Amino acid sequence: MASNSSHISSDKRFIIFFDFDETIVDETSDDMVVQAAPGHHLPDWLKDTYQPGRYNEYMQRVLTYLSEQGVTESHIRSIMEKIPSTPGMLTLFQFLRTRPPQDFEVVMVSDANTFFIESWLRRHGARPLFHRIFTNPATFNKDGRLVMRPFHSHDCPRCPDNMCKQVVVRDYVARRTQERGRPYQRIFYVGDGANDFCPAISLGPRDVAFPRRDFPMHRLITETHEAMPGEFKAVTVPWVSAEEVLQRLRKLVAE
């Protein structure tokens, strides 16, 4: 899910990327949708079909199973809408929303899917904040089944087959820099998972990575600093509450 960026104004000083699961929301949306299954759990035969690196294909089978059990679009939407946000995240969104329009271009890069994300964002009034959302496309077919497709294919050995967030971030920033005729002053990335570490590696020394404290992204950054000093270039600001992200952004935009 990514459309032309030509209508985004070219005067924005900063770009900030967000993950969705366990970054914006305090759960994993793929886990939450299981609440719609009979007994709120999946049968073992289905769980046993999961293969490492092929989670997207596994979730397609889960969504097919839910449809076969009579789970409706409105039921899935209601589950997504009820997922709590992470501490401080809605306050951070309000800060971004009230900044001058030339400050932030806001982009999401998520391995969830369009239906889960859009359901949550619209329920919380946050959809207009995001200029772009890159995620796995998902739509309901004529039989009422949510059909999810992989976002893209890539050659990165670190990431699942259907999405490398570094490829997404790197290509988008390069395209936008060309369209704008100049680079962003800083790039920010807010995430939590191992697949958020991959795009954070591509950040430069003026950029800021905001890993959720003690989550895989944070641990991988810490391990990289210890094992290969200088390899990870971005400033690292771990957070427990997104208000810590807000405080750092407030200082940086004032510089």
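**Entry 1: pockets.** Before the volumes, I wrote down what I was counting: a pocket is an open set of grid points with protein on both sides within 12 Å along at least five of seven lines. I also kept in mind that this is a predicted model.

How much volume does the largest pocket have? I got about 440 Å³. Its lining is made of 21 residues, and the closest to the centre are D21, T28, Y55, D111 and N195. I then looked up which elements give two or more residues to this lining, and they are α1, β2 and α8 (194-201). Sorting the lining of the largest pocket by residue type gave me ten charged, six nonpolar and five polar.

The second largest pocket holds about 180 Å³ of space. Its lining includes K12, R97, R99, F104, G125 and H131. Here the elements that give two or more residues are α5 (89-98) and β2. For the second largest pocket I noted seven nonpolar residues, two polar and three charged.

**Entry 2: the record.** Next I checked UniProt, where an unreviewed entry places the feature "binding site" at D30 and D111. The two are spread over 82 residues of sequence, yet they cluster in space, with a largest C-alpha distance of 9.8 Å.

I looked up each residue in turn. D30 lies in helix α1, and D111 lies in strand β2. Is D30 buried or exposed? D30 counts as buried because its relative accessibility is 5%, and the cut-off for buried is under 20%. Setting aside neighbours within four places in sequence, I found D30 in contact with Y55, M59, N113 and F116.

**Entry 3: salt bridges.** How many salt bridges does a search of the whole structure find? The search finds 15, and I followed up three of them.

I took K47 and D44 to begin with. Their side chains meet in a salt bridge at 3.6 Å, N to O. Both residues sit in helix α2, three residues apart, which is about one turn of the helix. K47 is partly exposed at 40% relative accessibility, and D44 is exposed with a relative accessible area of 53%.

Then I turned to E105 and R176, whose side chains meet at 3.0 Å, N to O, in a salt bridge. E105 belongs to strand β2 (residues 104-113) and R176 to helix α7 (residues 165-180), so this pair ties together parts that are 71 residues apart in sequence. Are these two partners buried or exposed? E105 is buried at 0% relative accessibility, and R176 is buried too, with a relative accessible area of 1%.

R122 counts as exposed at 57% relative accessibility, whereas E118 counts as buried at 13%. I also noted a network: salt bridges that share partners join E105, R175, R176 and E179.

**Entry 4: helix α8.** I came back to α8 and asked which of its residues are buried. They are D196, F197, C198, P199 and A200. What covers these buried residues includes α7, β6 (186-191), β7 (208-211) and α9 (216-227).

**Entry 5: backbone angles.** Last, I looked at phi.

Which loop holds E22? E22 is in the loop between β1 (14-18) and α1 (29-32). Phi of E22 is near 60 degrees, a positive value in a residue other than glycine. With a relative accessible area of 26%, E22 is partly exposed.

H40 also has a positive phi, near 60 degrees. H40 lies in the loop between α1 and α2 (44-47), and at 59% relative accessibility H40 counts as exposed.

Notes: Residues are numbered from 1 along each chain as its sequence is written. This is a predicted model: local features need pLDDT of at least 70, side-chain atom pairs count only at pLDDT 80 or more; totals for chains, interfaces and linings use all residues. Side-chain values use heavy atoms; hydrogens and water are left out. Helices (H or I, at least four residues) and strands (E, at least two) are DSSP runs, numbered from the N terminus. Buried means under 20% relative accessible area, exposed over 50%, partly exposed in between (1.4 Å probe, protein chains only). A salt bridge is a side-chain nitrogen of Lys or Arg within 4 Å of a carboxyl oxygen of Asp or Glu. On a 1 Å grid over the protein atoms alone, a cavity is a set of points where a 1.4 Å probe fits but cannot get out, and a pocket is an open set with protein on both sides within 12 Å along at least five of seven lines; lining residues have an atom within 4 Å of a point. Grid points are joined across faces, edges and corners, and a volume is the space filled by probe spheres set on the points. Ala, Val, Leu, Ile, Met, Phe, Trp, Tyr, Cys and Pro count as nonpolar, Asp, Glu, Lys and Arg as charged, and the others, Gly among them, as polar. Contact means heavy atoms within 4.5 Å. UniProt positions are given in the numbering used here, feature names are shortened, and annotations may be inferred rather than shown by experiment.
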